[in-house]
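Open the file in a viewer and keep the selection panel at hand. The stops below go from the whole chain to single residues.

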Amino acid sequence: MEITEVRVSLREHEGKRLKAYATVTFDNSFVVRNIKIIQGNNDLFVAMPARKMKQFCPRCGKKVEVDSRYCSNCGAQMPPPKDPSEDRQSIHQDLAHPINQEFRDYLQSKILDAYQDKKNSSPEEENNEAVQEQGESQPQKDIGQQ
Ligand SMILES: [Zn+2]
């Protein structure tokens with residue numbers, strides 16, 4: 001399967017970890033929207049479109065999003081959420097996603113390339129900063145460390 005088009009919509013100015021949305025076309029025939037490009041602790045990564053998982057309210061039994069603090073139906077306090085950055089899978093369920101590492105890597109590199117292109121060609125971007133960001137991540141040499 002080939003990725004035939006990647007469209008990127010920048011969200012840089014919102015100042016969050018979310019940097020952009022991507023829309024990806026496969027084989028000129030299938031489109032997946034709402035793929036997110038997120039700044040992780042070290043690198044950018046791609047998050048597939050996802051929905052929030054639900055849990056059942058312990059008091060009234062109504063379905064409530066797993067990271068809600070209170071039941072939207074009866075107001076009961078819900079169990080505390082897990083840290084979303086560490087345990088994303090328990091809160092979000094991907095709606096469409098690659099099922100092998102090879103395609104996952106291919107998809108991610110295509111999307112991140114398109115993101116960098118878009119960023120570099122974006123007229124709103126301040127050039128001074130954009131140029132400095134272009135260097136590839138250089139592996140740190142372990143000088144003076146055991
Ligand atoms: Zn409830």
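The tour starts with the overall fold, then visits a hairpin, a loop and the nonpolar core.

**Whole chain.** Bear in mind that this is a predicted model. Colour the protein chain by secondary structure: there are three helices and eight strands. Read from the N terminus, the order is β-β-β-β-β-β-β-α-β-α-α. Of the 146 residues in the chain, 10% are buried. As for contacts between residues at least 6 apart in sequence, 34% link residues at least 24 apart.

**Strands β3 and β4.** Select residues 30–39 for β3 and 44–47 for β4; the two strands pair in the antiparallel sense, with four bridges. Together β3 and β4 make a hairpin, and four residues lie between them. Now pick isoleucine 37 and look across to β4: which residue is its bridge partner? The partner is valine 46.

Step back to the loop between β2 (18–26) and β3, where aspartate 27 is found. Check its backbone: aspartate 27 is not a glycine, yet its phi is positive, about 50°. Is aspartate 27 buried or exposed? Aspartate 27 counts as exposed because 9 other C-beta atoms lie within 10 Å, and the cut-off for exposed is 12 or fewer.

Select asparagine 28 next, which also sits in the loop between β2 and β3. Asparagine 28, a residue other than glycine, has a positive phi near 55°. Asparagine 28 is exposed, again with 9 other C-beta atoms within 10 Å.

**The nonpolar core.** Select Val8, Ala20, Ala22, Val24, Ile35, Ile37, Val46, Leu107, Ile111, Leu112, Ala114 and Tyr115 and show their side chains; these twelve residues form the largest nonpolar core. At least two of its residues come from each of β2, β3 and α2 (101–121). Which element supplies the largest share? That element is α2, with five residues. As background, nonpolar side chains in soluble globular proteins tend to be buried together.

**Valine 46 again.** Leaving aside residues up to four places away in sequence, valine 46 touches Ile35, Ile37, Leu107, Gln108, Ile111 and Leu112.

Terms used. Residues numbered from 1 in each chain as written. Predicted model: local features only at pLDDT ≥ 70, side-chain atom pairs only at ≥ 80, totals over all residues. Buried ≥ 20, exposed ≤ 12 C-beta atoms within 10 Å, placed from the backbone. Contact = placed C-beta atoms within 7 Å. Pairing = 2+ DSSP bridges. Core = buried A, V, L, I, M, F, W, Y, C linked by C-beta atoms within 7 Å.
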